[in-house]
Amino acid sequence: MTTVTLDDLDLRILSTLQADASISNLELSRRVHASAPTCLRRVRALRDAGVIARQIAILEPSKLGPTLTAVVEVSLDRQTAEDFDAFESYICAESAVTQCYRVSPGPDFVVIAQVRDMAEYDGLARRLFKGASNIRNVRTFFSTRMAKFEANARVQMNRPH
């Protein structure tokens with residue numbers, strides 16, 4: 001994986017788009033103090049380089065009806081690269097799973113799932129974990145309150161120190 005060198009304008013563009021990717025190119029150019037054609041070229045180059053992976057809408061779960069956020073720690077019995085890749089593929093195919101992280105130390109994975117209620121979580125857990133041959137331990141926590149949720153990645157200059 002190659003690192004892309006970003007200048008100050010790239011960083012301002014990325015920061016602005018992370019806050020609100022729905023703004024027009026004209027509004028983006030106004031906010032970052034650059035011309036509209038320059039912004040258009042820069043955003044296209046950032047997409048082509050894979051820095052901007054995709055643009056999404058972040059929904060407010062409470063406006064969509066009851067939701068329960070499950071934070072699930074999963075430890076595997078076998079921990080080879082192939083086993084990790086297989087679990088990632090398996091878990092990420094589930095539509096209720098919104099995030100999956102391979103972590104260390106501690107459990108092998110932390111999985112975030114969104115379900116309507118405890119009954120739906122029970123069905124999800126039975127489907128995903130009961131009888132899965134390589135799962136050693138599953139521990140689930142349920143969110144009682146979301147204090148912060150940001151999609152922003154930390155944007156830094158790629159310069160040698």
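**Exercise 1.** Determine whether Met-146 is buried or exposed, and find the surface patch to which it belongs.

*Solution.* Met-146 has a relative accessibility of 51%, so Met-146 counts as exposed; the cut-offs are under 20% relative accessible area for buried, over 50% for exposed, and partly exposed in between (1.4 Å probe, protein chains only). This is a predicted model, in which local features need pLDDT of at least 70 and side-chain atom pairs count only at pLDDT 80 or more, while totals for chains, interfaces and linings use all residues. Residues are numbered from 1 along each chain as its sequence is written, and side-chain values use heavy atoms, with hydrogens and water left out.

Next, locate the residue: Met-146 is in the segment after strand 4. Helices (H or I, at least four residues) and strands (E, at least two) are DSSP runs, numbered from the N terminus.

**Exercise 2.** Describe the order of the four strands in the open sheet and name its edge strands.

*Solution.* The strand order is 2-3-1-4, with antiparallel pairing; two strands pair if DSSP finds at least two bridges between them. The edges are strand 2 (97–102) and strand 4 (135–142), each of which pairs on one side only. Strand 2 is joined to strand 3 (residues 109–115) by five bridges. In this pair, Val-97 stands opposite Ala-113.

**Exercise 3.** Find the salt bridge partner of Arg-139 and say which parts the pair ties together.

*Solution.* The partner is Glu-73, at 3.2 Å from N to O. A salt bridge is a side-chain nitrogen of Lys or Arg within 4 Å of a carboxyl oxygen of Asp or Glu. Arg-139 lies in strand 4 and Glu-73 in strand 1, so the pair ties together parts 66 residues apart in sequence. Arg-139 is partly exposed at 45%, and Glu-73 is partly exposed at 21%.

**Exercise 4.** Locate Glu-94 and its partner Arg-127.

*Solution.* The closest N and O atoms of this salt bridge are 3.1 Å apart. Glu-94 lies in the loop between helix 4 and strand 2, and Arg-127 in helix 5. With 13% relative accessibility, Glu-94 counts as buried.
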